[in-house]
Amino acid sequence: MPTPHISRRELLRGAALVPVAGALAACATPAAKPAASGSAAPVATSAANPFGVDGKKPLEVWIFDGGFGQDYAKNIHQPLFAAKYPEVAIKHNATKEITKVLQPRFAGGNPPEVIDNSGANAMDFGALAQDSQLQDLTPLLDAPSWDDPNVKVRDTIDQAVIDLGTYDGTFSVLGYVNYIFGIWYSQKAFRDNGWEPPKTWDEFLKLCETIKKSGKMAPFTYAGKFPQYLYEPLLTMAAKIGGNEVLVNIDNLEDGAWTSEAMKTSATAWAEIGAKYLLEGTPGLDHVQTQTAQNKYKVAMLPSGSWLENEQKTTTPADFEYGMFPIPDITGSDAMPYGTLHSQPSENFIVPSRSANPQGGMEYLRAMLSKKAAGDFSELVKTVSVVKGAGDGRQLSPGAASATKAFADAGQNVVYYRWQTWYAQLKDEAVAATGELMTGGLKPEAYLERLQKKADDIKKDSSVKKYKR
Amino acid sequence: MLFNRYRRGLFITSFLAAPVILYLVYVISPYAQAFYIAMTDWRGVTATPAFVGLDNFVRLFGDDIFWKAVTHNAALLVLLPLSTIVIALFFAFLLNVGGAQGVTGIRGSKFYRVVFFFPQVLAVAVVAVLFQQVFRPDGSGMLNGPLMALGIKPIGFLSDPDVAFWSVLGVMVWQAVGFYVVLFSAGLASIPRDMFEAAQIDGAGRLSLFFRITLPLLWDTLQVAWVYLGILALDVFAIVWVMTDQHGGPDWSTTVMAAEIYRNAFQYFRFGYASALGVMMFVFIVGFSVLSLRLSRRERIEY
């Protein structure tokens, strides 16, 4: 037959094989470690170049294009790095889908040098650490800082960054933004009405009463659809009453951690707010709706974090003047002083250990941690970085300035908790139960017993990996 | 001749092979794998999950949230078909034989027929987002706005755990009714008109027309509807996941089996356990199907 020499069967076979070949290629185990960059021709290290960066090797950076956008990397961090290493070709990338884009790169053995592993679709740090994909960043901590060769990087950043960035005993994740939690209000609204940020819980209740009676706005709200916004101040308050151990015990799934006296006092206090002072309809509103209500002066206060101002920038009136105050004194004999804050580093940067140029990656992080880079960043995205004093002398927006000041005032009295990322089931139960606590469906004791029961279940469940701090 | 026949068989087989292989690879084999995965501790990332026997099933029996989900599915299984069929039947009757003359629809029935079908055209996710706005708890809510204007306290359609389940049921009925109005209309159209006319001449009113003629002659269609709606009630997912607060909340008051499977697999990364839940759901659905087939067979003999 003079027809083209491809039979139906061959065509089918070919068609069947193509995806198989593709699949095989896709599941191929990670390629052998690429000839380690350092081994080829190690560049001498010096005080100015502590990691021995090869000035000619390219650097690939991936930024999570979320609430902070990607301009800070393009316009602040990369120019700073390029000024020192003009011959390094920096390849900037941004995505909202970190896992989808970069997981295959890890599997293929050629991950990029710097990743901002953030957002809802971030890669699991535990899994990456388990597979030793993360560069040990301890040398970064011990390296001289970008600004002052006599000061180590370790001393320029908050201790919480090091605590929370340590996986299986190795510091390998650098949180760059400092999320500072507190009660947020409009400084203008408070000034115009003669209201004062309260220092004690009694003052707080009185203020709520005053605002309620004034009829101008509701005293308090929170993102009712996401009650994790409310268990945040509840836990911070418990830590303030009973000390940091309250949260450490909860994180470590200790027996009776949830039902401690401090937790009882705190849960009771917040249940009272839920019963008396909430904006109408709060349980059915989400964070955007409640925050917008605040921007419209329909409600005075809400609990949130230092990302709030940037998140609300399109709906905030120009003279709104965000302000934040810490959890007030509750019992008069609280274990931690006034000003105690919950803060948690976030926007997590990693350097993949199997990238071609991890030295360059670490150097990029070192540049990010300079005062100039961190300060410019804070100004651009209206937030607080983990670099100490980076906001000094800057024109910070009112909210960022307020949060920065509160954080400076807190000093060592900073707390955090990790159970919600370690035990997702416990988080969902806490979310469900906190909503019930605030709407009166659960009494404080029943609320805490329910969470204690869930924590106990998780402790007993052999299929859940346990963590300790 | 024989060779030609062989060729022809081969030709047919080659055409049949593709769909069968696709079905085997993408439907049957994942089902089979799910049974195996249900007996492992797989967390979705490791290449070699460990075999744990029936651990996941033992754990499942102590999982309060899953059993809460099962009761919600069970409640839907009864309430969804019942309310949908009653409403759809009522509308179909009015549209087709409810008119003043008895064998025509009420005035404007052509218009209503289109309107009833609208919800069916919308994607479930769209419906879910739409109703989030309808149910908003403040003055901007389509239902609460008028209520608040009348001075009544707003109802937390989705935020009150005692009400949320009924909101979900309401939306599901709202979306399903249109299709069953059409189904029952087709059923009604196949009933000979002289039956209605004869009954009318004998003096039957609308009520007895409905109960003596329409209902018995539609019985087969009703059974089909019941099975479809039953399955819809058992595998409901998107409307709950998208519309309700905290994906099945508040306080687990609207969660369903499929939502718990999804939560365990893609939020807790417990693929093994989620597969065990999936196996349970499979058992429930197969059980329901067998039961309803049995029952309907008996009905048909009686009829």
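Predicted model: local features only at pLDDT ≥ 70, side-chain atom pairs only at ≥ 80, totals over all residues.
Helices, as named here, are DSSP runs of at least four residues, numbered from the N terminus. With that numbering, B:Pro250 sits in the loop between helix H11 (238–243) and helix H12 (257–267) of chain B. The peptide bond leading from B:Gly249 into B:Pro250 is cis, with omega near 0°.

A:Glu347 is not a glycine, yet has a positive phi of about 55°. This residue belongs to strand E10 (residues 341–350) of chain A.

The interface between the chains comes next. On one side 25 residues of chain A take part, and they are in contact with 22 residues of chain B. Together the two chains bury about 1,900 Å², and carbon and sulfur atoms give 47% of that area. Within chain A, the residues that lose the most area to chain B are A:Lys225, A:Glu280 and A:Asp428, which together make up 24% of what that side buries.

Which kinds of polar interaction are counted between chain A and chain B? There are six salt bridges between them, and the rule also finds six residue pairs in polar contact across the interface, with both residues at pLDDT 80 or more. A salt bridge joins B:Asp64 to A:Lys453, where the closest N and O atoms are 3.7 Å apart; the cut-off for such a pair is 4 Å.

On the side of chain A that touches chain B, the elements giving two or more residues are helix H1 (8–27), helix H19 (424–439) and helix H20 (444–460) of chain A. The largest share, seven residues, comes from H19(A). By residue class, that side of chain A divides into seven nonpolar, seven polar and 11 charged residues.

Over all chains, the salt bridge count comes to 28. One of these is formed by A:Lys84 and A:Glu363, whose closest N and O atoms are 3.0 Å apart. A:Lys84 is in helix H3 (residues 71–84) and A:Glu363 in helix H15 (residues 358–368), both of chain A, so the pair ties together parts that are 279 residues apart in sequence.

Chain B also carries a nonpolar patch on the surface, with about 1,200 Å² of accessible area together. Its members include B:Phe11, B:Phe15, B:Leu22, B:Tyr23 and B:Ile28. Of these, B:Leu22 lies in helix H1 (residues 2–37) of chain B.

Technical notes:
Residues numbered from 1 in each chain as written. Chains lettered and ligands numbered in written order. Heavy atoms only, no water. Contact = heavy atoms within 4.5 Å. Buried area = accessible area lost by both parts, 1.4 Å probe. Salt bridge = Lys/Arg side-chain N within 4 Å of Asp/Glu carboxyl O. Polar contact = N/O pair within 3.5 Å; in protein donor to acceptor, adjacent residues only side chain to side chain. Nonpolar A, V, L, I, M, F, W, Y, C, P; charged D, E, K, R; others polar. Patch = residues over 30% accessible without salt bridge, like charges linked within 9 Å, V, L, I, M, F, W, Y side chains within 5 Å. Areas by Shrake-Rupley, 256 points an atom, 1.4 Å probe, with all protein chains shown as cover.
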